[in-house]
Amino acid sequence: MRSTGPVRRIGRLLMATTATAAAGAVTALSLAASPAAAAPTGTTAARPGDACTAADLGTRHPYVKTTEVSPTITHFKGWYVTEGTTGQQTVSTDTTTVISVSVGLNDTIETSFAVEALSNVKATVGLDVKLEYTSTSEESNSVTWNLTQPGYYGFYKGTKKVTGTYGSLNCNRAQQDDGSWALEWTEGPGSGSFTTFTTLEEGAVRCQDGVPADSIMAKAQALLDCGSAAAKADHPAGAVAPTAQQKPDRPALHPTPTTSTPAEQPTATAHSTRAALDCSAEAYKIAVPGKPLSWGAPLLADDGVRLRPSSIFSAHLDNWRLCKVTEQDGVLEASLWNWGNGGCATIAEQNASTERAVLMTVPCAEDDLQRFYVYRDVPGSSKIGVQNKYTGSMMGYDRYADGEFIRQYSSGRQDGTGTFDLTAV
């Protein structure tokens, strides 16, 4: 026998706090008693506290929290020019600093979330930064410049390196000062840091040249180490041995995601596994609002969760229980246990960073890939958005059709197809 204590506790978490009696009869979750606030019509990026709509429950957006712009020399070569050797010179420079574009732990910039994050950075700093993966090491190191005066020159390529931090915004209900409810963009999981850079510029500079402070050219001039004896000495025309300042930095390695070893698959029965998970007594359908198709778990282990019609022949594969439910800042976190096959919803570990990876079910385990955040509409509505805790991606589908897979999307589905109804069976 399962204790009724946890069931009552989870039930209280899922009950809306201000739903009317009529609205409370809609579902056991009692999720909008008043219409959602309209989303802003402008094209500016969403900010915490901005209004959103129920269609946004299944979406996610980045926002820029901090930025820093620093002129950086990526290629450099000291070069001495004597009388008679002036004119156009082509010099192969040495790599001094490698800058690679990255967002969080992702340096492929293939997901819509990463591209949107860098687009927001571009708008924030007002610079034309790279919006796709690239590295300054991929640039040609050759610099061609016309020299009119003899002297000690620094041939360089440089850029403005842009770094900073970003947050992740999700649409969720929030109680207002007057006790009413509204949907707002709130900061959720998925913060991190980013790096990008502007187009490389190149040139040649001498110690005696006047240059703008804190410019790329000034950074190059600093590498000449103009006060040193080596800079003041006479040299034969051509390359000058690099000083300690001019020697290449070791390229920074991208951090490796710290993923734990997959937990050993449990051998317990489906019923005992669910009991150990402390699941709610209520079962729910996760359905497309206003339409008959809902999430249906697979019978075969190598198949995924699909949109399926609910009928007496569904064998409870369309019924889900919320397990180990917690709530923080109005956002539910839960494992999704399927009544029909006894498995928990998950994104396969090998597909965790893959856009449009299919939602699967596996034996339940202590694993963040099996944990989901549930974002809710205002009380009285059963509309929700679902986000995987580990990947940060939102659940949705490509098209409304029987048999269509439920997939993960880094920014969700902007057409509203990531908003579902969580309705008690």
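Buried means under 20% relative accessible area, exposed means over 50%, and partly exposed lies in between (1.4 Å probe, protein chains only). The structure is a predicted model, in which local features need pLDDT of at least 70 and side-chain atom pairs count only at pLDDT 80 or more, while totals for chains, interfaces and linings use all residues. Residues are numbered from 1 along each chain as its sequence is written, and side-chain values use heavy atoms, with hydrogens and water left out.

**Salt bridges**

Side chains of opposite charge can pair when their charged atoms come close. A salt bridge is defined as a side-chain nitrogen of Lys or Arg within 4 Å of a carboxyl oxygen of Asp or Glu, and the structure holds 16 of them.

| Glu-187 | Lys-65 | 3.1 Å |

The Glu-187 and Lys-65 pair links distant parts of the chain, with Glu-187 in strand β7 (residues 181–197) and Lys-65 in strand β1 (residues 60–81), 122 residues apart. Strands are DSSP runs (E, at least two residues), numbered from the N terminus. Glu-187 is partly exposed at 41% relative accessibility, and Lys-65 is partly exposed at 42%.

Glu-333 counts as buried because its relative accessibility is 14%; Arg-371 is buried at 10%.

Lys-389 lies in the loop between β18 (383–388) and β19 (394–396), and Asp-368 in the loop between β16 (359–362) and β17, 21 residues apart. Lys-389 is partly exposed at 27%, as is Asp-368 at 36%. Glu-333, Asp-368, Arg-371 and Lys-389 are linked in a network of salt bridges.

**Nonpolar cores**

A nonpolar core is a set of buried Ala, Val, Leu, Ile, Met, Phe, Trp, Tyr and Cys residues joined through side-chain atoms within 4.5 Å. The largest such core has 30 residues, of which Trp-295, Trp-320, Leu-336, Leu-359, Met-395 and Ile-406 touch the most other members. Strands that each supply at least two residues of this core include β10 (284–287), β13 (320–328), β14 and β17.

Leu-359 has contacts (heavy atoms within 4.5 Å) with residues including Trp-295, Ile-347, Phe-372, Met-395 and Ile-406, not counting residues up to four places away in sequence. A second, separate core of 16 residues includes Ile-109, Phe-113, Val-121 and Phe-197.

Notes. Helix = DSSP H or I, 4+ residues; strand = E, 2+ residues; numbered from the N terminus.
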